Amino acid sequence: MIKLTPRDHQSKLLTAITPIIAVIFTMICGGVLFWILGKNPFEAIKLIFWDPLMSETFSDYARPQILIKASPLILIALGLSIGFRANIWNIGAEGQFIMGALISACIGLAFYPLENRFIFPLMILGGMVGGAFWAIIPAILKSRFNTNEILVSLMLVYIAEQALASASIGILRNPEGSGFPGSRNLNHYPSTSNPELIEGSGIHWGVIFSFLAIWFFYYLLKNHKFGFQIKLFGDAPRAASFAGLKTEYIILLCFSISGALAGVAGMFELTGPAGAITIDFNVGYGFTAIIVAFLGRLNPVGIFFAGLLMALTYVGGEISQFMLGIPAAAIQVFQGMLLFFLLSIDLIVKFRLSFTKQNFISRKD
Amino acid sequence: MDFASIDPTTIIYNLMIAATPILYAALGELLVEKAGVLNLGVEGMMIIGAICGFAISVETGSSYIGFIAAACGGAMLSVIFAVMTQYFLANQVASGLALTLFGLGLAALLGHSYTGQVPPQISKLDLPILSTIPVFGKMFFHHDFFVYFSLMLVLFVWYFLTKTRLGLVVQAVGENHDSAHAIGYSVTTIRFFSILFGGALAGLGGGYLSLIRVPQWTEGMTAGAGWIALAIVVFSSWRPWRLILGAYIFGGITILQLNLQAIGVNIDIALLSMTPYAITIVALVLMSVNKSKKSLGAPGSLGKSFIKVS
Amino acid sequence: MKTNKSNVLQVINVSKKYANVLANDEVSLTLNHAQIHALLGENGAGKSTLVKIIYGLVKPDRGKMILNGQKYAPDNPQKARMSGVGMVFQHFSLFDSLTVAQNILLGLDKRQSSTSLLDKIVQISTDYGLALEPRMIVGDLSAGERQRIEIVRCLLQNPKLLIMDEPTSVLTPTEIEQLFNTLNQLSAQGTSILYISHKLEEVRKLCGEGTILRNGQVIKNFIPSTTTSSEIAELMVGKKVQSTIKSKSRAKNIILNINNLSIDSRTPFGTNLKNISLKVRQGEILGIGGVAGSGQDELLLTLTGESKVKKNTLFYKNKDIGNLNPQERREIGFLTAPEERLGHAAAPEMTLMENCLITAKKSKNLMVHGWINFTKTGDFANDIIKKFDVRAGDNKSLAKTLSGGNLQKFLIGRELSQDPEVIIVNQPTWGVDAAAAQFIRQALLNLVSHGTAAIIISQDLDELIEISDRFTALVNGSMSTPRITTELTVSEIGLMLSTENAPK
């Protein structure tokens with residue numbers, strides 16, 4: 001039998017290396033999956049992980065796409081990770097992403113066709129407020145009535161999706177769109193557009209914003225009492241209240257930060273890659289970001305790399321779909337597997353394993 | 001607009017059908033939570049059940065074999081969760097989310113070629129005599145086997161938990177796993193099998209969705225049903241009989257808003273489609289306003305990992 | 001070792017190693033028929049490991065056991081119970097939301113119809129004076145009643161050997177008296193009892209024979225009635241136990257005044273506090289005794305500031321501090337130390353350094369405008385480790401990896417190093433070895449001699465008698481009038497603690 005002993009110190013090396021091990025396990029199992037689907041596993045893995053970066057055929061398209069897809073993932077995951085550290089589970093980022101986009105679209109379109117350089121910053125603000133507003137609903141219910149935040153934030157995703165559908169055929173519909181659902185394309189108006197800043201790089205304001213956010217939260221979580229409070233609340237809520245922290249304050253803070261970041265991610269997506277509000281505007285970044293947050297070990301720097309990796313699987317998935325006909329859903333399975341391995345491998349980060357003949361060992365003593 | 005075209009008999013009849021998938025999934029989750037495990041992967045297990053049931057019944061031509069496959073599919077997916085949380089001591093919330101994400105992807109992958117197909121029909125099981133009662137017969141006794149089976153399972157779970165020794169052990173494990181371990185019960189084994197049961201029932205619920213309720217296969221067709229099942233467990237205060245109430249209220253709202261959409265009420269369709277989710281939130285809040293934890297009945301060790309360390 | 005017909009259990013050269021610690025080192029022990037055998041030792045001496053081996057919860061690395069002349073190696077508690085070994089844990093293995101009868105049923109291995117079980121419960125509880133109402137919900141019961149459930153659960157299986165792990169730590173003196181009657185009755189009827197304790201007087205009163213463990217080894221087998229308490233104590237600790245030095249009390253002005261405090265418990269099975277009034281003076285220790293679950297946790301939470309109290313109930317230096325939160329109270333010199341170390345006083349997954357920030361961030365200026373000063377925090381943690389003799393790797397060790405005694409020294413050190421004017425400690429030495437306990441008590445006494453006022457809430461009467469200037473008892477959430485400790489007799493204390501004359 002295997003015996004578990006809690007580790008005295010947190011091992012930085014293990015914390016960093018285990019996600020890589022999880023990725024390797026996922027590649028192996030993913031390879032088996034592709035093989036079952038009748039595809040060449042080695043070619044598929046190469047198409048997903050190598051070609052987007054290195055192949056001459058694809059990298060011109062793929063490299064910028066990685067940044068474009070990584071930026072919302074990083075922003076959302078960063079926000080979620082703060083809550084997850086505190087054991088506060090906002091899993092409705094998809095809805096907050098939608099609401100951020102909707103509010104900023106309302107602002108942008110309200111000024112149409114006025115051109116003014118303050119419109120874009122105002123939309124950024126609107127995105128944050130929209131996302132935070134949607135996230136504060138479960139936060140208030142949790143702190144006032146102790147309502148389960150997981151279920152409420154998730155239900156709000158479905159409600160946000162309906163709101164999105166309603167808006168794209170209703171109030172935000174393009175009056176010149178000959179009756180088709182969907183709003184005006186915000187990319188067509190300089191004041192509301194989030195263009196590629198360096199030709200062929202994929203870098204838009206959202207990418208820059210997400211990198212700055214990583215740096216900011218890395219510094220804050222490490223050195224400021226904010227990071228300490230979040231960690232304390234997550235580890236021992238009673239010790240947090242003994243320290244004088246208000247539970248309500250932590251819950252509201254975590255939800256509004258993650259909501260604002262998800263909302264602003266929606267705003268940048270709307271004004272950049274997506275261009276317009278449509279019924280299928282949201283593509284699941286809010287859920288994939290959960291995987292990114294864990295893959296990044298809830299650590300800003302980790303999330304940065306995890307976001308890039310996850311974006312790589314998206315782009316590589318597209319390429320493998322194009323080249324080998326691997327269904328898009330296979331990539332989702334792939335990402336799900338990654339999270340399984342990652343969560344399971346945590347065991348060796350938290351405990352030292354040793355093999356004994358021991359049958360079972362009691363907890364106390 | 002024609003309110004007269006809404007027929008109460010049909011509504012009640014349809015609401016039972018709409019409620020059944022959720023009732024199955026919620027019943028499974030109730031037992032899992034009674035054993036102290038929070039499995040947020042219900043949505044994932046349901047959709048795997050939906051596609052397994054659909055695919056197998058299309059291939060075999062038998063709905064019943066399809067339902068067995070649905071239960072097996074859900075249970076198999078839950079094994080992943082059971083291993084992760086019981087042996088690798090992974091966080092239950094995160095593992096449940098992973099299960100849902102994985103399940104949705106896997107179901108889409110498996111169901112790729114089944115979109116647009118039609119499953120074999122299942123015959124109605126008219127209960128003798130009862131089904132001939134005017135109005136009520138049509139409402140309550142004119143259903144397929146799996147509607148009745150879901151109610152029988154509620155009875156079974158209730159009996160199991162309150163009247164059998166094993167049921168008591170399951171509750172004890174969920175209430176305080178350290179005590180249960182000290183007396184000599186295997187917390188891990190009991191939780192493992194509870195999770196499997198929960199998975200099988202979530203699978204059955206998913207199967208009912210794709211084989212009877214809809215009946216066809218579309219990607220992401222559970223549309224939050226698994227999450228609503230989780231909410232209904234909270235709503236029921238972990239009491240089996242109240243699950244029926246919760247599931248049927250929810251089914252009623254779903255059917256009612258669909259009927260209102262159909263007759264073209266002057267309300268935004270999106271607003272009507274939101275109602276089931278909004279009502280779920282309201283129900284959750286109403287349940288939690290009652291602050292006394294004792295009356296809420298949540299198992300003491302719910303969601304906590306049982307760690308045997310030296 | 002001679003085999004003898006009157007042996008019930010022989011433990012022969014049993015060893016058990018955990019990680020780096022040899023919990024049991026070649027332990028041998030013989031239990032005789034119908035005897036009450038004491039197993040004495042400090043925390044960490046290996047008592048728990050040994051009884052867990054006997055009860056099938058832990059498997060030994062080496063050695064064997066013989067029960068009634070047959071080889072005995074239980075894989076699990078069920079096997080142990082089937083062989084006739086029963087055990088009453090110090091931490092009860094009960095389920096709060098279930099009934100007494102359900103709890104008993106869960107501890108039985110044989111199938112029982114619920115009606116015959118109810119009859120048997122009633123029978124046994126009358127036979128042995130263990131009053132129980134089978135339909136009550138366990139969460140509503142007192143510690144004494146809970147223990148009776150555990151005992152009845154064991155007795156239903158007719159054990160030949162009953163293991164009692166620190167049974168009196170949760171009982172009032174009257175309840176202890178009742179328990180001893182029950183145990184004597186059992187042993188007279190032929191049951192052997194292995195009685196684990198660290199309370200020497202009890203052992204001398206109850207047990208016919210005894211064994212002392214230290215550092216996992218058997219130090220001595222002895223006859224309690226002919227050995228003095230100080231001899232036993234020395235054998236347990238391995239050296240002479242120093243007694244605490246108490247300087248003459250110089251109680252001065254009233255600094256803390258609790259006035260008619262009532263509060264409803266926040267936990268489902270908690271105890272409500274009823275009309276508590278207290279005055280504490282500078283330079284004195286007020287001891288609050290009482291069995292577990294008498295309202296100690298609730299009282300501490302109102303004092304830390306985690307539970308809000310009504311206006312005009314809590315005065316510190318003549319100022320109403322009822323609405324101040326824990327941190328605001330700390331900033332005016334009002335400090336507390338809860339009973340639960342991991343999870344309440346300390347965060348288990350955090351380093352000792354980080355744990356300093358929980359209470360000392362302001363008083364030691366460990367944060368400036370919200371930014372953490374890591375050098376200062378590290379130095380402060382090192383200071384505590386040094387001054388309070390904390391055996392830990394370094395200031396980056398995770399709190400959960402420290403032993404109970406070392407963690408408590410660190411946490412008490414964290415509070416005492418902040419020069420409190422009032423300090424309230426719940427269970428200062430619970431689960432702490434004798435040397436560390438003595439150290440903590442002395443540290444508290446030293447602090448008080450400089451004019452600090454202290455409230456010590458404890459379930460260890462000996463401790464309170466040793467260090468407190470005045471003594472009061474918390475019973476079912478009500479408090480008696482404090483009295484000068486030295487003027488109290490043991491029977492008077494017993495009367496103060498007994499539940500019978502307290503309002504329910």
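Start with chain C, which is split into domain 1 (7-237) and domain 2 (254-497), bounds that come from an automatic or database domain assignment. Before you click further: this is a predicted model, where local features need pLDDT of at least 70, side-chain atom pairs count only at pLDDT 80 or more, and totals for chains, interfaces and linings use all residues. Residues are numbered from 1 along each chain as its sequence is written, while chains are lettered from A and ligands numbered from 1 in the order in which they are written.

**Stop 1: the two domains of chain C**

Colour the two domains separately. Taken over C-alpha atoms, the centres of domain 1 and domain 2 of chain C sit 32 Å apart. Across the boundary, 16 residues of domain 1 are in contact with 16 residues of domain 2 (contact: C-beta atoms, placed from the backbone, within 7 Å). Now select α5 (143-155) and α6 (173-188) of chain C, the elements that give two or more residues to domain 1's side. Helices here are DSSP runs of H or I with at least four residues, numbered from the N terminus. That side of domain 1 has five nonpolar, eight polar and three charged residues. Nonpolar covers Ala, Val, Leu, Ile, Met, Phe, Trp, Tyr, Cys and Pro; charged is Asp, Glu, Lys and Arg; the others, Gly among them, are polar.

**Stop 2: where chain B meets chain C**

Show both chains: 13 residues of chain B are in contact with 17 residues of chain C. On the chain B side, pick α7 (165-175), α8 (177-183) and α13 (293-296), which each give two or more residues. The largest share, four residues, comes from α7(B). Chain B's side divides into five nonpolar, five polar and three charged residues.

**Stop 3: a glycine in chain B**

Zoom to B:G199, in helix α9 (residues 187-213) of chain B. Is B:G199 buried or exposed? It counts as buried because it has 35 C-beta neighbours inside 10 Å; the cut-offs are 20 or more for buried, 12 or fewer for exposed, and partly exposed in between. Beyond neighbours within four places in sequence, B:G199 is in contact with B:M45, B:G74, B:A75, B:L77 and B:S78.

**Stop 4: a helix pair in chain A**

Finish with α4 (residues 56-85) and α12 (residues 285-295) of chain A, whose axes come within 8 Å and cross at roughly 60°. Among the contact residues are A:L73 and A:F84 of α4(A) and A:Y285 and A:I290 of α12(A). By class, this contact has 11 nonpolar, three polar and no charged residues.

How values were computed
Contact = placed C-beta atoms within 7 Å. Axes fitted to C-alpha atoms, helices over the stretch in contact; angles between N-to-C directions.
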